[in-house]
Amino acid sequence: MINDPENIAKVTIDKDVPYVNTGDYINQIIDLADIYEYDKVPYGMSGIAAIMHEIVEQYEKSKHGTPIGSAGRWDKNQGGILQDENSDFNKDHANAVKVQNKIDNTDRTQGDIIDINSGRKYIMFYIDQTNNKVVGITEQKKGNQFTPQKTEIKTDKDGYYDLGVNRFDDRGNPQFIRARFKLKNGKPIK
Ligand SMILES: [Zn+2]
(Lines give C-alpha, C1' and ligand atoms only; values in the text may rest on other atoms or scores of the structure.)
Protein backbone atom coordinates (compact mmCIF):
# COMPACT_ATOMS: atom_id res chain seq x y z
CA MET A 1 0.00 0.00 0.00
CA ILE A 2 2.83 2.37 0.87
CA ASN A 3 6.24 1.87 -0.69
CA ASP A 4 8.43 4.81 0.19
CA PRO A 5 12.02 4.36 1.36
CA GLU A 6 12.30 8.10 2.15
CA ASN A 7 9.60 8.40 4.79
CA ILE A 8 8.88 6.10 7.70
CA ALA A 9 5.75 5.99 9.83
CA LYS A 10 6.76 5.43 13.45
CA VAL A 11 3.92 4.18 15.63
CA THR A 12 3.77 2.66 19.09
CA ILE A 13 1.16 -0.10 19.38
CA ASP A 14 -0.20 -0.58 22.88
CA LYS A 15 -3.53 -1.39 24.50
CA ASP A 16 -5.78 0.50 26.91
CA VAL A 17 -3.70 3.63 26.54
CA PRO A 18 -4.99 6.33 28.92
CA TYR A 19 -6.86 9.20 27.18
CA VAL A 20 -6.34 7.69 23.71
CA ASN A 21 -9.34 6.79 21.56
CA THR A 22 -8.02 4.60 18.73
CA GLY A 23 -4.99 6.68 17.82
CA ASP A 24 -2.95 9.60 19.08
CA TYR A 25 -1.64 11.73 16.21
CA ILE A 26 0.71 13.82 18.34
CA ASN A 27 2.33 11.02 20.35
CA GLN A 28 2.05 8.43 17.53
CA ILE A 29 0.26 5.67 19.39
CA ILE A 30 -2.37 3.12 18.35
CA ASP A 31 -4.61 1.71 21.09
CA LEU A 32 -5.19 -1.90 20.06
CA ALA A 33 -8.00 -2.42 22.59
CA ASP A 34 -9.92 0.35 20.78
CA ILE A 35 -9.17 -1.19 17.38
CA TYR A 36 -10.92 -4.42 18.47
CA GLU A 37 -14.08 -2.46 19.27
CA TYR A 38 -14.64 -1.73 15.57
CA ASP A 39 -14.89 -5.42 14.71
CA LYS A 40 -17.59 -6.11 17.32
CA VAL A 41 -20.17 -4.68 14.90
CA PRO A 42 -19.64 -5.92 11.33
CA TYR A 43 -20.72 -2.65 9.69
CA GLY A 44 -19.08 0.72 9.22
CA MET A 45 -15.42 0.96 10.16
CA SER A 46 -13.35 -2.23 10.43
CA GLY A 47 -10.43 -2.80 12.76
CA ILE A 48 -8.01 -3.10 9.87
CA ALA A 49 -9.23 0.17 8.34
CA ALA A 50 -8.82 1.84 11.74
CA ILE A 51 -5.21 0.63 11.89
CA MET A 52 -4.54 1.75 8.32
CA HIS A 53 -6.04 5.15 9.08
CA GLU A 54 -3.55 5.64 11.90
CA ILE A 55 -0.59 4.33 9.89
CA VAL A 56 -1.36 6.46 6.81
CA GLU A 57 -1.77 9.48 9.07
CA GLN A 58 1.64 8.87 10.64
CA TYR A 59 3.19 8.25 7.24
CA GLU A 60 1.83 11.60 6.05
CA LYS A 61 3.05 13.22 9.28
CA SER A 62 6.54 11.78 8.73
CA LYS A 63 6.71 13.62 5.38
CA HIS A 64 6.58 16.96 7.23
CA GLY A 65 9.49 15.83 9.42
CA THR A 66 7.35 16.50 12.51
CA PRO A 67 8.81 14.88 15.63
CA ILE A 68 6.93 12.60 18.04
CA GLY A 69 5.12 14.76 20.58
CA SER A 70 4.42 17.59 18.13
CA ALA A 71 1.17 18.33 16.25
CA GLY A 72 3.11 19.99 13.43
CA ARG A 73 2.08 23.25 11.79
CA TRP A 74 -1.21 25.07 11.94
CA ASP A 75 -2.39 28.67 11.82
CA LYS A 76 -2.82 29.61 15.48
CA ASN A 77 -5.05 32.55 14.47
CA GLN A 78 -7.68 30.01 13.46
CA GLY A 79 -7.78 28.40 16.90
CA GLY A 80 -6.82 24.75 17.34
CA ILE A 81 -5.49 22.27 14.80
CA LEU A 82 -9.03 21.18 13.93
CA GLN A 83 -10.19 24.69 13.03
CA ASP A 84 -7.40 25.30 10.53
CA GLU A 85 -8.32 23.28 7.45
CA ASN A 86 -4.72 23.51 6.24
CA SER A 87 -3.16 22.28 9.48
CA ASP A 88 -0.81 19.34 9.06
CA PHE A 89 -3.21 17.27 11.10
CA ASN A 90 -6.30 18.05 9.04
CA LYS A 91 -4.50 17.32 5.77
CA ASP A 92 -2.93 14.10 7.06
CA HIS A 93 -6.23 13.02 8.58
CA ALA A 94 -8.08 13.69 5.30
CA ASN A 95 -5.63 11.39 3.47
CA ALA A 96 -6.15 8.73 6.14
CA VAL A 97 -9.94 8.97 5.80
CA LYS A 98 -9.66 8.43 2.04
CA VAL A 99 -7.70 5.20 2.52
CA GLN A 100 -10.02 4.03 5.25
CA ASN A 101 -13.12 4.66 3.12
CA LYS A 102 -11.54 2.73 0.29
CA ILE A 103 -10.82 -0.31 2.48
CA ASP A 104 -14.31 -0.43 4.01
CA ASN A 105 -16.32 1.01 1.08
CA THR A 106 -17.69 3.65 3.42
CA ASP A 107 -18.31 7.37 3.48
CA ARG A 108 -17.21 8.94 6.79
CA THR A 109 -18.62 12.15 8.27
CA GLN A 110 -17.16 13.63 11.43
CA GLY A 111 -18.35 16.30 13.84
CA ASP A 112 -20.92 16.72 16.57
CA ILE A 113 -23.66 14.59 15.11
CA ILE A 114 -27.21 14.16 16.30
CA ASP A 115 -29.55 11.44 15.11
CA ILE A 116 -32.73 13.51 15.03
CA ASN A 117 -34.91 10.35 14.94
CA SER A 118 -33.58 8.98 18.25
CA GLY A 119 -31.96 12.01 19.87
CA ARG A 120 -28.69 10.09 20.22
CA LYS A 121 -25.40 11.87 19.66
CA TYR A 122 -22.35 10.61 17.79
CA ILE A 123 -18.85 11.85 17.03
CA MET A 124 -18.95 10.42 13.49
CA PHE A 125 -21.06 8.30 11.25
CA TYR A 126 -20.36 6.02 8.32
CA ILE A 127 -22.48 5.23 5.33
CA ASP A 128 -21.62 1.58 4.77
CA GLN A 129 -22.10 1.25 1.02
CA THR A 130 -21.62 -2.52 0.91
CA ASN A 131 -24.15 -3.30 3.63
CA ASN A 132 -26.54 -0.39 2.94
CA LYS A 133 -26.40 0.79 6.55
CA VAL A 134 -25.55 3.88 8.54
CA VAL A 135 -23.36 3.34 11.60
CA GLY A 136 -22.70 5.89 14.34
CA ILE A 137 -19.64 6.08 16.58
CA THR A 138 -19.68 7.34 20.15
CA GLU A 139 -16.78 7.82 22.53
CA GLN A 140 -17.20 5.99 25.83
CA LYS A 141 -15.22 7.35 28.79
CA LYS A 142 -14.42 5.22 31.83
CA GLY A 143 -11.89 6.91 34.06
CA ASN A 144 -8.94 7.65 31.78
CA GLN A 145 -10.00 5.09 29.14
CA PHE A 146 -11.56 6.50 25.98
CA THR A 147 -13.13 3.81 23.81
CA PRO A 148 -15.10 3.98 20.55
CA GLN A 149 -18.45 2.26 20.32
CA LYS A 150 -20.42 1.53 17.16
CA THR A 151 -24.19 1.57 16.83
CA GLU A 152 -26.29 0.88 13.78
CA ILE A 153 -28.44 3.98 13.20
CA LYS A 154 -32.07 3.20 12.41
CA THR A 155 -34.41 4.97 10.04
CA ASP A 156 -37.81 6.34 10.98
CA LYS A 157 -40.92 4.38 10.01
CA ASP A 158 -40.80 5.84 6.49
CA GLY A 159 -37.25 4.62 5.96
CA TYR A 160 -35.52 7.99 6.43
CA TYR A 161 -32.32 8.75 8.27
CA ASP A 162 -32.31 12.25 9.75
CA LEU A 163 -28.88 13.44 10.84
CA GLY A 164 -27.68 16.84 11.99
CA VAL A 165 -23.99 17.69 11.88
CA ASN A 166 -22.30 20.55 13.71
CA ARG A 167 -18.91 21.01 12.10
CA PHE A 168 -16.54 23.60 10.71
CA ASP A 169 -16.74 24.83 7.13
CA ASP A 170 -13.73 25.38 4.85
CA ARG A 171 -13.07 28.75 6.51
CA GLY A 172 -13.14 27.31 10.01
CA ASN A 173 -16.57 28.75 10.82
CA PRO A 174 -19.07 26.56 12.66
CA GLN A 175 -21.97 25.32 10.55
CA PHE A 176 -24.99 23.04 11.01
CA ILE A 177 -25.95 20.66 8.23
CA ARG A 178 -29.08 18.56 8.32
CA ALA A 179 -29.31 15.49 6.11
CA ARG A 180 -32.57 13.57 5.75
CA PHE A 181 -32.18 10.71 3.33
CA LYS A 182 -32.94 7.11 2.47
CA LEU A 183 -30.27 4.63 1.46
CA LYS A 184 -30.56 2.70 -1.76
CA ASN A 185 -27.77 0.29 -2.73
CA GLY A 186 -25.53 2.11 -0.28
CA LYS A 187 -26.21 5.54 -1.81
CA PRO A 188 -28.16 8.33 -0.11
CA ILE A 189 -31.32 9.37 -1.98
CA LYS A 190 -33.94 11.99 -1.15
ZN1 LIG B 1 -7.31 10.73 11.73
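Me: Among contacts between residues at least 6 apart in sequence, what share joins residues at least 24 apart?
Reply: The model is a predicted one. Two residues are in contact here if their C-beta atoms lie within 7 Å. Among the contacts of the protein chain between residues at least 6 apart, those that join residues at least 24 apart make up 48%.

Me: What pattern of helices and strands does the protein chain follow along the sequence?
Reply: The protein chain holds three helices and 10 strands. Read along the sequence, their pattern is β-β-β-α-α-α-β-β-β-β-β-β-β.

Me: What radius of gyration does the protein chain have, against that of a compact globule?
Reply: The C-alpha trace spans about 50 × 35 × 35 Å along its principal axes. For 190 residues, a compact globule would have a radius of gyration near 16 Å. The protein chain agrees with this, at 17 Å.

Me: Which strands stand at the edges of the open sheet?
Reply: Seven strands form this sheet, paired antiparallel in the order β7-β6-β5-β4-β8-β9-β10. An edge strand has a single partner, so one of its sides is left without a neighbour in the sheet. The strands in that position are β7 (145–153) and β10 (187–189).

Me: Which residue of β8 is the bridge partner of D112?
Reply: Strand β4 (residues 106–115) and strand β8 (residues 161–168) run antiparallel and are joined by four bridges. Within this pairing, I114 has G164 as its bridge partner. For D112, the partner in β8 is N166.

Me: Which residue takes a positive phi in the hairpin of β4 and β5?
Reply: β4 and β5 run antiparallel, joined by seven bridges. One of the paired residues is Q110, whose bridge partner in β5 is M124. Five residues lie between the strands of the hairpin, and the residue with a positive phi, near 85 degrees, is G119.

Me: Which residue in β6 does I127 stand opposite?
Reply: Five bridges pair β5 with strand β6 (residues 133–142) in the antiparallel sense. Their hairpin has four residues between the strands, with N132 in the turn at a positive phi of about 55 degrees. The residue opposite I127 is V134.

Me: How many of the eight residues of strand β5 are buried?
Reply: A residue is buried if 20 or more other C-beta atoms lie within 10 Å of its own. Over the 190 residues of the protein chain, 31% count as buried. Strand β5 (residues 121–128) is mostly covered, and its number of buried residues is six.

Me: Which element gives the most to the largest nonpolar core?
Reply: This core has 26 residues, and A50, F125, V134 and V135 touch the most other members. At least two residues each come from α1 (32–38), α2 (47–63), α3 (88–104), β5, β6 and β8. The element that gives the most, with six residues, is α2.

Me: Which residues is V134 in contact with, leaving aside its neighbours within four places in sequence?
Reply: V134 is among the core residues that touch the most other members. Beyond its sequence neighbours, the contacts of V134 are F125, I127, I153, Y161 and L183.

Conventions:
Residues are numbered from 1 along each chain as its sequence is written. This is a predicted model: local features need pLDDT of at least 70, side-chain atom pairs count only at pLDDT 80 or more; totals for chains, interfaces and linings use all residues. Two strands pair if DSSP finds at least two bridges between them. The radius of gyration is taken over C-alpha atoms; the globule rule is 2.2 Å times the number of residues to the power 0.38. A residue is buried if 20 or more other C-beta atoms lie within 10 Å of its own, exposed if 12 or fewer, and partly exposed in between; C-beta atoms are placed from the backbone. A nonpolar core is a set of buried Ala, Val, Leu, Ile, Met, Phe, Trp, Tyr and Cys residues joined through C-beta atoms within 7 Å.
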